[in-house]
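Here is a short briefing for a first look. The points below are grouped by topic.

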Amino acid sequence: MNPHDNMTPEDELREQGLQLVTRLVAVLRTSRSYSIGNRAFTGQLEQLLEVLRPTLMASGRAQLVHMDRDLQLNGVRVPLKSTSLRFQEQLLSELALRGIAGVEFHASLRLPELEEFMRYFLSSELYKGDELVAACRSAGITGAVPVLQVVPASAEATPPSEANAVPAFSAALQAYDDALAHARALLTATLFARAYEMRHLKRLVQPLVEAAASPEPTTVGLAWASAADEQWAHGVHVCIVSIGMGHQLGLDRAALTELGVAALLHDVGQSSLETVPPDAAVRDDAARAELQTHPIRGVEAIAGITTLNRTSLRAMRVALEHHACTRSGYPALSADFKPATASRLVAVADAFVSLLSLHGERGQRITPAEALSMVLGPGGAGFDDALKASLIRTVGVYPPGQLVELDDHAFARALAPSAEDPERPIIELLTTPAGAILPASERVVMPLAEARSILRALPLDEWPDFSADSAAA
């Protein structure tokens, strides 16, 4: 009699769990000597798929996770045996190194996708936790998924209540947070040296395109723009504003997606400017001259990491031209050369976001409303009036993050413009009419009512010292 004939489904999962742990560790060990694509490494992946096959055929998935101090496969504890103990200890160490609880495989998994997953999974020094999840999602990998946290099946779901109801702007802020996480995974300087396809960036941009037409636009994320933002975060903010402007101008979904990709990459040439101080106030003439080379470097970077197609060529042109849209811009172009519409649009969005980020810390020079007025005024000389109008419709007269005084003398923070009237923002109440600062739990997010009005935009020296926590977050 075959001893496996009397095995229960749980017994089979225990046995398969032991085999899966051993195969995963073998893959990790082989990766130290052979690169992805090498026949020896491919052979290990083929064996891993073979081990996964029975579980995937039976359940459609194989979730191997660290839970309750043990490894579990689809909720069944993998037994500790003297022959497998060292493999389990090593796998637990590797999972901890990547900041994840485990990995879930799906029945759709094939060898090419498993190889692509391993490109991110094996780079433990670059991808950890949320970054690993975001990178795999951006790459379109669905057959193998990192698991961050496991909720026991026996845990009872807590019914929602008024106290923990979904806050306003939750969908918009989720799209915004996802975009930041994906951009960080794809656009950091150390990662940008590796080739990848434009479809990854298009996938990142698509939720932002969808949100541009929704009642909760992702421009709300601009309320937290900061002078400390890294280049990839700046790219996301310019992308959000550019897509919003394009939406106001009537661009279709495909055009908005390509515009968003170009906006994400517009400043990618700055990734190679390691000797240029981030603070403009301390740059000398040599640093300023080097900074002006970043449009050319951006074109070279995009050309070097992608295949040439319509999207990449448009992104290269925007990278080259977005600082050449004014008389004093750079690089110098011939007098009869006119930058592309996308370049001029991104130039306006970039100018606004660059000024907007200066309000990120108390004591900085300008407010969001002042940033907008500078782009609309002398600071935006040379920008098209139609593009300036689309910027106002996108961020509102009181841009996200601007503090205002209402007609009852209460203070509020503008979060996003209403679709009908850019002068009437969606606001978050911060104080009572008497000036008492409201705790975050008591702040209300609401459209400015028709019967209400804004007296003025507050200058920075009148901003109260309130908590950065927000009812919209």
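**Strand S7 and its partners**

Five bridges connect S7 to strand S8 (residues 425-429), and the two run antiparallel. Strands here are DSSP runs (E, at least two residues), as helices are (H or I, at least four), numbered from the N terminus. Two strands pair if DSSP finds at least two bridges between them. This is a predicted model: local features need pLDDT of at least 70, side-chain atom pairs count only at pLDDT 80 or more, and totals for chains, interfaces and linings use all residues. Residues are numbered from 1 along each chain as its sequence is written, and side-chain values use heavy atoms, leaving out hydrogens and water.

**Around S7**

- Pro 417 stands opposite Pro 425 in S8.
- Strand S6 (residues 403-406) is joined to S7 by three bridges, also in an antiparallel run.
- Glu 405 has Phe 411 in S7 as its bridge partner.
- Four residues separate S6 and S7 in a hairpin, and His 409 in the turn has a positive phi of about 75°.
- In S7 (residues 411-417), seven of seven residues are buried (under 20% relative accessible area, with exposed over 50% and partly exposed in between; 1.4 Å probe, protein chains only).

**Ser 343**

- Ser 343 lies in helix H13 (residues 341-356).
- Ser 343 is buried, at a relative accessible area of 0%.
- Beyond its neighbours within four places in sequence, Ser 343 contacts Arg 317, Val 318, Glu 321, His 322 and Cys 325 (heavy atoms within 4.5 Å).

**Whole chain**

- The protein chain holds 15 helices and 10 strands.
- Of its 473 residues, 50% are buried.
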